[in-house]
Structures are given as C-alpha cells and as structure tokens.
Number of protein chains: 2
Amino acid sequence: MMNKLKPPYYAVIFTSKRANVDQSLYIKTSDRMVELASKQPGFLGITSTRGTDGVGITVSYWETKENILNWKKNSEHFEAQKSGRNTWYEWYDVKICLVEREYGARNS
Amino acid sequence: MMNKLKPPYYAVIFTSKRANVDQSLYIKTSDRMVELASKQPGFLGITSTRGTDGVGITVSYWETKENILNWKKNSEHFEAQKSGRNTWYEWYDVKICLVEREYGARNS
C-alpha cells in the first residue's frame with residue numbers, strides 16, 4: 001500500500017489499451033517514466049496495473065495541478081507521450097482529479 | 001474506452017492487493033458487484049485491472065458524492081465489503097475524487 005496521503009491532493013488516472021507492438025521499448029520507456037516522474041516536484045506516488053486483456057490503469061499522485069502540468073511538459077516525457085499516442089496505445093484517456101477523501105485497511 | 005464523460009463528476013479509486021484465498025467466490029462476488037453498481041443512481045462507468053502481482057485498481061465513476069455514499073450503504077455491497085476487509089484483501093485503499101478535467105485519444 002502507498003503511504004497514507006493527506007487530502008486534498010491531486011490524482012491523474014491514466015487508462016489505456018496497449019497495441020500489440022514494441023513490447024521491449026515500451027517497457028523500457030515506461031520504467032524510465034516512473035523513475036523520472038518520481039523525481040519531479042510535488043510527486044507523491046504512483047500505482048500501475050495491467051490485465052491480460054491489455055487494459056491498464058496507472059494512477060499518479062501530486063501535490064498540485066501545477067506539478068501535473070509541469071510533468072506533462074517535461075521534454076523526455078513529452079517524447080514518450082508522442083510514442084504513446086502514435087504507436088503504443090489503441091486508446092487512452094487521462095483524468096485530472098482532486099482527491100477529497102481517503103480511507104483503507106491492512107490485514108497483515 | 002469508456003464513453004466520454006463531462007467533468008465535473010466523481011471517481012472512486014479502489015486500490016487493493018488480493019490475498020490468495022477464495023478465488024471462485026471472490027470472482028463471483030466481484031462480477032455481481034459490477035452488475036449491481038451499474039444499476040445504482042448516478043453510476044457512470046467502471047474500469048478494473050489486476051496484474052500478476054495481485055495488485056489491482058478499480059475506478060468507478062459517479063455523478064455525485066451522494067451517489068457514492070448510497071452505493072457504499074447498499075446492503076449486498078455492505079456484505080461484500082465485509083468479506084473484502086476480513087478475507088479477500090491483504091490491503092486496500094479507497095480515494096474519493098472530483099474529476100475536474102479529461103482528455104484522450106483513440107488510434108483505431
């Protein structure tokens with residue numbers, strides 16, 4: 001589980017369907033983007049899953065909307081986004097959200 | 001891809017790690033909860049993925065916070081939540097979010 005965060009903060013929900021291309025380059029870039037994102041100002045965390053049907057959800061967490069915009073404009077990320085749009089995904093969507101409340105539990 | 005929604009609306013991000021128990025009952029209940037959720041007032045959609053590490057993200061979308069609270073209190077859902085807390089998940093967290101903005105693309 002992520003460390004407990006304290007709302008309000010921001011979440012970016014990235015939902016996508018992978019096209020069946022470029023697997024090794026995709027994974028390499030994807031790992032690099034997680035590494036790079038985690039060094040940006042205001043980064044709070046990231047969780048990512050993809051099922052066997054190729055549909056994936058990645059949620060990244062940020063202190064402010066400005067932090068998200070700043071990451072979106074990062075030049076290396078910008079190039080990766082281009083490959084995502086043009087090659088790697090059949091479709092994707094991005095939702096910018098204000099997290100208002102959270103709760104959870106741990107059983108172990 | 002989900003039908004395009006028009007912000008503002010609400011998202012519930014449910015992140016969880018499955019415990020290695022009760023697989024068939026879990027799947028049956030999980031499918032039933034999707035079916036039941038989709039009949040609730042204000043339901044807009046749901047996307048769910050789980051990777052091979054057992055970590056899953058389910059995001060459901062709703063018109064208002066009241067719709068989310070109403071669904072949380074549904075008696076059949078309430079029982080499922082109890083099993084989730086006590087048995088099915090090593091951990092989980094729930095984040096209630098206001099979706100402020102969205103964009104996306106489709107390549108096919």
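Me: Which side chain does A:Lys95 meet in a polar contact, and how should I read such a contact?

Reply: A polar contact is a pair of N or O atoms within 3.5 Å, where, within protein, one must be able to donate a hydrogen and the other to accept it, and where residues adjacent in sequence count only if both atoms are side-chain atoms. Here the side chains of A:Lys95 and A:Asp93 are joined by such a contact of 3.4 Å. This is a predicted model, in which local features need pLDDT of at least 70 and side-chain atom pairs count only at pLDDT 80 or more, while totals for chains, interfaces and linings use all residues. Side-chain values use heavy atoms, with hydrogens and water left out, residues are numbered from 1 along each chain as its sequence is written, and chains are lettered from A.

Me: Is A:Lys95 buried or exposed, and where does this residue lie?

Reply: Buried means under 20% relative accessible area, exposed over 50% and partly exposed in between, computed with a 1.4 Å probe on protein chains only. A:Lys95 has a relative accessible area of 1%, so A:Lys95 is buried. Its place is in strand S4 of chain A, residues 89-106, strands being DSSP runs of E of at least two residues and helices runs of H or I of at least four, numbered from the N terminus.

Me: How many bridges join S4(A) to S4(B)?

Reply: Two strands pair if DSSP finds at least two bridges between them. S4(A) and S4(B) run antiparallel and are joined by 15 bridges, and A:Arg106, for one, has B:Trp91 in S4(B) as its bridge partner.

Me: How many residues does each chain bring to the contact, and what area do the two chains bury?

Reply: Contact means heavy atoms within 4.5 Å, and 42 residues come from chain B and 42 residues from chain A. Buried area is the accessible area (1.4 Å probe) that two parts lose on being put together, summed over both; for chain B and chain A this is about 3500 Å², with 56% of it on carbon and sulfur atoms.

Me: How many salt bridges does the rule find across this interface?

Reply: A salt bridge is a side-chain nitrogen of Lys or Arg within 4 Å of a carboxyl oxygen of Asp or Glu. The rule finds four across the interface of chain B and chain A, among them one between B:Lys65 and A:Glu100, whose closest N and O atoms are 3.1 Å apart. On the side of chain B that touches chain A, S4(B) gives the most, with 18 residues.
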